[in-house]
Amino acid sequence: MARRCDIGILAAIFIFVVAGAGSGAEETWLRYATVGASGARNLPMAFNPLEVSVHPPSDVAMPGFSGWIQYYGRIESLMSPSGSVAVVLDVGNDNRDIYVDSNCDGSLADEKPVKSDVIMYGRTAFGPVKVVFPTDDGPVAYHILPYSGAPGENFVMYVSSACYYEGTVNVGGVSYGVKLVDTNCNGTFNDAFSKEATSDTVVLGGPGGETTLLVGRYVEVGGNLYEAEIARDGAYVRFSPATDIATGKVLVPGEVMTLTVAGENGSFSLASPGGSLTVPAGDYYVQSWTLQRTDDKGITWTVYAAAGADAQAISVTAGGETALDISDPFKATVDVAFRGGEYVINGGLKGRLGERIAVTAASRSVAKPEVRITNADGTYDKTFSLEYG
Ligand SMILES: [Ca+2]
Ligand SMILES: [Ca+2]
């Protein structure tokens with residue numbers, strides 16, 4: 001409640017200042033909203049894995065546990081005075097309880113257990129759990145959804161954001177619904193794109209439908225570039241017309257139906273199939289593309305590409321044209337690992353920029369590849385289907 005009052009007062013002061021200065025770009029203050037226990041499927045919230053240990057941290061006071069094993073983790077967050085929020089899962093025969101340092105005081109001894117029997121995607125979901133970050137501007141509420149896997153050697157714990165900020169922003173004379181999502185669930189809403197880590201997301205709903213953009217220096221709205229300022233705590237956005245920005249073009253083959261690239265400048269998508277995509281000069285990573293081709297039997301093949309872990313950057317220079325090499329042939333890959341006394345064989349397709357590739361023909365998945373294994377004298381000869389190929 002105190003926070004909402006603060007925002008109201010600040011907004012009033014700001015409008016007065018802007019009116020006096022005559023600036024064209026105003027901040028738009030946003031409302032805090034939460035999602036339910038089942039998460040928000042239409043918002044880009046992610047399962048973010050936590051580092052977990054069975055050894056208790058020495059600097060966090062613990063509650064009394066009733067279970068037979070505890071898993072200790074931390075949610076990294078610069079909004080917390082210590083830089084993280086401690087969590088612990090207590091697993092017993094009849095209970096699975098999670099404790100979250102909801103007041104960020106470095107103690108779990110003062111916390112109540114959150115119980116759950118909600119299973120989602122094979123994971124136990126807890127909450128939403130309210131965390132309050134003590135900041136210089138007063139307490140800031142933030143809701144999270146912790147998830148746990150099954151206890152055991154490969155135990156995993158995840159956390160997803162269970163909140164977002166929303167409002168209506170006027171961009172170039174047009175109203176857009178705007179939602180800010182802390183996709184990497186670290187309490188801040190302005191984490192810009194990086195190849196190594198999950199970035200935060202802006203969802204814009206306008207005349208052409210809803211667009212999901214990764215946070216970056218700029219956003220493209222209605223064909224125009226705007227400098228994007230997103231409040232760290234999610235409370236406001238400001239899109240200022242970007243003038244004198246050096247741009248270049250990404251050229252794609254005519255068969256390319258969709259393309260999204262992302263970099264520190266933000267994320268940009270092809271408006272119509274084939275042709276070119278104009279972006280601010282800089283380095284980008286291809287996030288996704290689709291390509292369609294009809295064969296001589298009239299069957300339409302569609303190729304879907306998603307960013308791979310070893311994706312290569314593309315450079316776009318001012319006034320330059322960068323042709324994207326994103327067509328066939330694709331490279332078939334086979335990875336073999338020895339795990340738990342068994343060989344695990346994974347097959348896949350890779351694009352020329354390291355993209356992960358999936359293919360459909362007439363809207364159906366194509367046959368999965370098979371692996372034939374024989375020994376030198378032929379006494380062993382078996383063929384296996386790759387189930388997730
Ligand atoms: Ca506490
Ligand atoms: Ca974030």
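## Overall composition

One helix and 34 strands make up the secondary structure of the protein. The model is predicted. Its C-alpha trace spans about 75 × 60 × 30 Å along the principal axes.

Of the 389 residues, 30% count as buried. Among contacts between residues at least 6 apart in sequence, 54% join residues at least 24 apart.

## Confidence

The average pLDDT of the protein is 88, and 93% of the residues score at least 70. Residues 1–23 have a pLDDT below 50. Beyond near neighbours in sequence, this stretch has 14 contacts in the model. Where pLDDT is low, the predicted coordinates should not be read in detail.

Five strands form an open sheet in the order 4-5-6-7-8, and their pairing is antiparallel. Strand 4 (52–53) and strand 8 (114–115) are the edge strands, each pairing on one side only.

Strand 8 is joined to strand 7 (residues 96–100) by two bridges, and the two strands run antiparallel. Isoleucine 98 stands opposite valine 114, which lies in strand 8. In general, strands of a sheet pair through backbone hydrogen bonds, either parallel or antiparallel.

## Glycine 209

Glycine 209 belongs to strand 17, which covers residues 209–214. Glycine 209 counts as exposed because 7 other C-beta atoms lie within 10 Å, and the cut-off for exposed is 12 or fewer.

In sequence, glycine 209 is 33 residues from tyrosine 176; in space, the C-alpha to C-alpha distance between them is 9.7 Å.

Methods
Residues numbered from 1 in each chain as written. Chains lettered and ligands numbered in written order. Predicted model: local features only at pLDDT ≥ 70, side-chain atom pairs only at ≥ 80, totals over all residues. pLDDT = per-residue confidence, 0-100. Contact = placed C-beta atoms within 7 Å. Pairing = 2+ DSSP bridges. Helix = DSSP H or I, 4+ residues; strand = E, 2+ residues; numbered from the N terminus. Buried ≥ 20, exposed ≤ 12 C-beta atoms within 10 Å, placed from the backbone.
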